Amino acid sequence: MRSRVLLGLIFGAGAGFLGYLLQEVSVPHDAVLMPTAADMARLGLFVGAMLGLGLGCIEGAALGSARVLLRGAALGALIGGFAGIFGVIIGGTVYNLALFGKSPVLMQQQGSLLDFTHMVLARALGWTFLGALPGLAVGASTRSTRRALHGLCGGLIGGFLGGFVFDLVATLIAQPVQGAAGMLAGRGSVEIGGPSRAIGFTLIGGMTGLFIGLVDEWLKQAWVRVLSGSGEGRDHILSKPVTVLGRDERADIPLFGDPTLAPEQCAIRAEGGRFVLHTAGGGAACLVNGRPVRQQILKDGDMLQLGQIRLAYREKATASRFRRPVDVGGTGPMSGSVAVPSHLCPFCGTPKDASGACQCSVAPAAPSAFAEPAPAPSPGWSTPGGPPTAGRLQCMEGPLAGGTYPLDRCPVTIGRASDRTVVLAADSTVSRNHATIAATAIGHLVHDDGSANGTFVNGVRITDQALAPGDVIHIGRSMFRYE
């Protein structure tokens, strides 16, 4: 999401400046005469079209999809052009109404602080619509009504801020500088709106793009993050009633690199306030937390595997209920956060059998005549028989996101204590001595060091677990992929 916010700021500001350049050479600006309705319509057309084009490109640039980018640019320019015309017309009406019949020329000549403030606020309200209506174009690339409304909200904020700056720049900077230059050149009157329009239109675009990204972040309900495969690390917001995942480039979430996937592998539907995964039945199996499913209500923290591609499901509505495990001992920081009946497992929610085991219980591995037995789990694990094949941990989410931790010198310890190899001091859900990754002759193993909130591999709570490339380790608010 951070990439969408930054891209929105860059694309929006660039589009706003291009709109300024186009209207500046096409629309006459006179120091004495008021612009005609046709002139204002052309101004709105050029500025709105450029804003719509830039904002429509954001989603395609974030996803790295040329098809989505070109579609968003074309539809965005079309929508933005018409929206800009209406935005200027509506904005001009609002501006005149907000002045309460006063003349802006007389208000400026009087030099009263109250009149100046009144004029700045009136301009800001008028320009609000110049940002808001082109902001609808952001939904064009995703064909999402929800994203279009987010664009409208972001555009309202961006347009207001751009309009607020316009008169400040004109009165406090452009008027003194350009007025003095005009007097030296012997000109009686000088049009001083150029710098104000340049800064104002650029700021409208930049702030509109910025706040569209922020509104998306604030109002999003659910999203998936690609953990491995093409597009690794990208977030896809579930903003449509039906979001299709598959190998087809026209899918809402295209998944490339695995030929076993079907063009439309599965879909995530919004049903009754929740999101439900539906599989199409073709291609590779769809796994949720390691189990094949045909239909599954998703909850925050679920791990999806489609062929060779892994995704993490995130949902705000269920984050507090499901994402963090319950402290069954009653002494950890999460103790009592969710009331779970005694016959159900507090981690996977399935009924326990007579021995107390459930679906997330780890069965003891059968002894092998060919493999060297693993050492007894303890914080002091060492590497018998020499180091295994080199591996590393890639942090995908959490305070250390983006960090890489080699496993060539085991044991590697994880926890809040300062002497741990991987220190998660900022995460209160992590124990001081949380987990250890050790090396054996047959590979790396992860061991939970008696943590309060547990260690999870591919969504299943473990005590000891041999690691395979691509496994995702979930500790507190952090997620590590073993490579």
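1. Let me start with the salt bridges: this predicted model holds 13 of them.

2. In helix H2, which spans residues 37-56, Arg 42 and Asp 39 sit three residues apart, about one turn of the helix. Their side chains meet in a salt bridge of 2.5 Å, N to O.

3. Another salt bridge brings together the side chains of Arg 225 and Asp 235, at 2.7 Å from N to O. Arg 225 belongs to strand S1 (residues 222-228) and Asp 235 to strand S2 (residues 235-237), so this pair ties together parts that are ten residues apart in sequence. Both Arg 225 and Asp 235 are buried.

4. Do have a look at Glu 483 and Arg 481 as well, whose side chains form a salt bridge of 2.3 Å, N to O. Glu 483 counts as partly exposed at 25% relative accessibility, while Arg 481 is buried at 5%.

5. Now to the loop between strands S15 and S16, where His 434 lies. How accessible is His 434, buried or exposed? Its relative accessibility is 0%, so His 434 counts as buried. The side chain of His 434 makes a polar contact of 3.3 Å with the side chain of Ser 451, and another of 3.5 Å with that of Thr 455. Leaving out residues up to four places away in sequence, His 434 also touches other residues, among them Ile 414, Gly 415, His 447, Asp 448, Asp 449 and Ile 475.

6. Ser 431 lies in the loop between strand S15 (422-423) and strand S16 (435-440). With a relative accessible area of 15%, under the 20% limit, Ser 431 is therefore classed as buried. Beyond its neighbours within four places in sequence, Ser 431 is in contact with Gly 415, Arg 416, Ser 451 and Ala 452. Gly 415 and Ser 451 are found among the contacts of His 434 too.

7. On aromatic rings, a search of the whole structure finds three pairs. One of them joins Phe 17 and Tyr 20 in a tilted arrangement, 5.8 Å centre to centre and with 35 degrees between the planes. Both residues lie in helix H1 (residues 2-26), three residues apart, about one turn of the helix. Phe 17 is partly exposed at 38% relative accessibility, but Tyr 20 is buried at 14%.

8. Phe 160 and Phe 164 form a stacked aromatic pair, 6.4 Å centre to centre with 25 degrees between the planes. They are separated by about one helical turn, because they stand four residues apart in helix H7 (residues 145-184). Phe 160 counts as partly exposed at 29%, and so does Phe 164 at 32%.

9. Finally, a word on the surface. Which residues form a nonpolar patch there? The patch consists of Leu 75, Leu 78, Ile 79, Phe 82, Phe 86, Ile 89 and Ile 90, and together they have about 650 Å² of accessible area. Ile 79 is placed in helix H4 (residues 66-98) and is partly exposed, with a relative accessible area of 34%.

Notes
Residues are numbered from 1 along each chain as its sequence is written. This is a predicted model: local features need pLDDT of at least 70, side-chain atom pairs count only at pLDDT 80 or more; totals for chains, interfaces and linings use all residues. Side-chain values use heavy atoms; hydrogens and water are left out. Patches are made of residues with over 30% relative accessible area and no salt bridge: like charges are joined within 9 Å, nonpolar side chains (Val, Leu, Ile, Met, Phe, Trp, Tyr) within 5 Å. Accessible areas come from the Shrake-Rupley method with a 1.4 Å probe; for residues, only the protein chains shown count as cover. A salt bridge is a side-chain nitrogen of Lys or Arg within 4 Å of a carboxyl oxygen of Asp or Glu. Helices (H or I, at least four residues) and strands (E, at least two) are DSSP runs, numbered from the N terminus. Buried means under 20% relative accessible area, exposed over 50%, partly exposed in between (1.4 Å probe, protein chains only). Contact means heavy atoms within 4.5 Å. A polar contact is a pair of N or O atoms within 3.5 Å; within protein, one must be able to donate a hydrogen and the other to accept it, and residues adjacent in sequence count only if both atoms are side-chain atoms. Rings of Phe, Tyr and Trp (its six-membered ring) pair if their centres lie within 6.5 Å; planes under 30 degrees apart count as stacked, over 60 as edge-to-face and the rest as tilted.
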